[in-house]
Amino acid sequence: MIYALLFWEFFKIGLTAIGGGMVTIPFLLDLADKYDWYTKGELMDMIAISESTPGPIGVNMATYAGYNTAGIWGGIVATLGLVLPSLVVIILIAKYLFAKEEGGFLRQALFGIRPAVLALILFAGWELARLSLINWQSVLIAIVSFGLIRWLKWHPIVYICLAAVIGIVFEL
Amino acid sequence: MKMLWDLFFSFFKVGLFTFGGGAAMLPLLQAEFVERRKWVTDSELMDFYSIGQCTPGIIAINTATFVGYKKQGKIGAIAATLGIVTPSIIIILLVASILSKYMHNPYVIHAFAGIRIVVVALILDAVVRLWKQGVKGRFGWGMFALSLLLLVAAGLSPVMIVIVAGVAGYAFQLYLRRKRS
């Protein structure tokens with residue numbers, strides 16, 4: 001039952017990926033290790049396309065990964081799995097919030113989770129870098145694009161399109 | 001019923017016109033829900049958004065669920081969430097099915113070879129951006145180093161690391177409070 005497994009895996013991601021779309025990357029990388037649903041290289045394509053299409057990145061990546069695994073229904077099931085924990089948790093919190101109370105436990109747990117999540121993303125970045133930074137040209141492009149991203153702060157689409165052109169022109 | 005449809009449709013619009021999610025969505029949410037429809041106030045939206053950042057799940061979905069719940073309870077939350085997710089599902093399925101046909105085209109292969117390099121830079125940029133609000137003081141650095149160690153040396157899964165870090169963060173805050181009192 002691939003659909004049940006997809007739903008369960010993305011449900012877990014929805015429950016533990018705290019802090020937004022990019023945070024789901026290490027979890028998706030973990031799935032690439034665990035199952036043969038998609039390769040790490042395909043994951044990088046999914047990240048780029050999810051950043052360049054409308055909609056929240058996390059949702060886009062879940063739909064894409066689900067589609068790669070099990071077609072259209074796979075995409076839908078993975079997305080619903082990702083969304084369900086949010087729905088349940090927020091409805092529970094909303095009840096307290098509107099009664100003027102605050103979710104104290106999560107706020108304190110977050111003190112430890114935030115730095116841990118950064119370590120997760122950094123390590124995922126390292127694993128993916130080992131796949132795509134294979135010669136000095138690609139390392140140079142990575143350094144220059146990182147500098148431009150930090151300096152100009154344009155939307156990711158711009159860099160992704162530029163990189164596609166560079167890839168075609170220099171036959172990377 | 002009309003309200004549910006309004007919730008679905010207005011979040012559908014936000015989902016359709018946001019590129020990137022998270023912070024990129026905030027101005028759209030403000031325009032649609034604070035100024036145009038007056039469903040929530042500015043400060044409520046900021047509250048939803050910051051709670052959405054520190055609760056499980058994608059921030060965009062969390063914020064949608066909050067607004068929907070405020071207007072129409074549980075069913076409203078579901079309507080708003082489905083609204084924000086639907087454009088993603090349609091567009092990604094479309095793009096993915098078209099792209100999968102051209103994945104062996106040499107131009108597409110070269111383009112994605114270039115794109116994969118920039119993806120690494122984008123991930124690194126996300127880490128730098130999140131660092132300021134995420135890593136505070138010696139405890140933050142320690143937690144960061146410990147997570148990296150557990151990941152590399154012990155091969156712990158991301159889910160396990162988040163659980164361990166959450167418990168550690170909670171325990172540290174308890175310890176701080178006890179020391180103060």
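How many residue pairs are in polar contact between domain 1 of chain A and domain 2 of chain A? The count is one residue pair, with both residues at pLDDT 80 or more; a polar contact here is a pair of N or O atoms within 3.5 Å, where within protein one must be able to donate a hydrogen and the other to accept it, and residues adjacent in sequence count only if both atoms are side-chain atoms. The model is predicted, so local features need pLDDT of at least 70 and side-chain atom pairs count only at pLDDT 80 or more, whereas totals for chains, interfaces and linings use all residues. Residues are numbered from 1 along each chain as its sequence is written, chains are lettered from A and ligands numbered from 1 in the order in which they are written, and side-chain values use heavy atoms, with hydrogens and water left out.

Chain A, to begin with, holds seven helices and zero strands, where helices (H or I, at least four residues) and strands (E, at least two) are DSSP runs numbered from the N terminus. Along the principal axes, its C-alpha atoms fill a box of roughly 60 × 40 × 25 Å. The chain is divided into domain 1 (2-130) and domain 2 (133-172), with bounds that come from an automatic or database domain assignment. The centres of these two domains of chain A, taken over C-alpha atoms, are separated by 25 Å.

Turning to the boundary between the domains, five residues of domain 1 of chain A are in contact with six residues of domain 2 of chain A, contact meaning heavy atoms within 4.5 Å. Together the two domains of chain A bury about 420 Å², 60% of it on carbon and sulfur atoms; buried area is the accessible area (1.4 Å probe) that two parts lose on being put together, summed over both. Of the area that domain 1 of chain A buries against domain 2 of chain A, 79% is supplied by E51(A), S52(A) and A129(A), more than by any other three residues. Zero salt bridges are found across this interface, a salt bridge being a side-chain nitrogen of Lys or Arg within 4 Å of a carboxyl oxygen of Asp or Glu. On the domain 1 side, α3 (40-52) and α5 (104-132) of chain A each supply at least two residues, and α3(A) gives the most, with three residues.

Chain B likewise has a helical make-up, with seven helices and zero strands. Its radius of gyration, taken over C-alpha atoms, is 21 Å, well over the 16 Å that the globule rule gives for 181 residues, so chain B is more spread out than a compact globule. That rule is 2.2 Å times the number of residues to the power 0.38. The C-alpha trace of chain B spans about 55 × 55 × 25 Å along its principal axes. Chain B is divided into domain 1 (2-102) and domain 2 (106-180), whose C-alpha centres lie 26 Å apart.

Next comes the interface between the chains. Here 86 residues of chain B are in contact with 93 residues of chain A, and the buried area is about 8,200 Å², of which carbon and sulfur atoms give 80%. Two salt bridges are counted between chain B and chain A; R150(A) and D125(B) meet through their side chains in a salt bridge (2.7 Å, N to O). There are also eight residue pairs in polar contact between the chains, both residues at pLDDT 80 or more.
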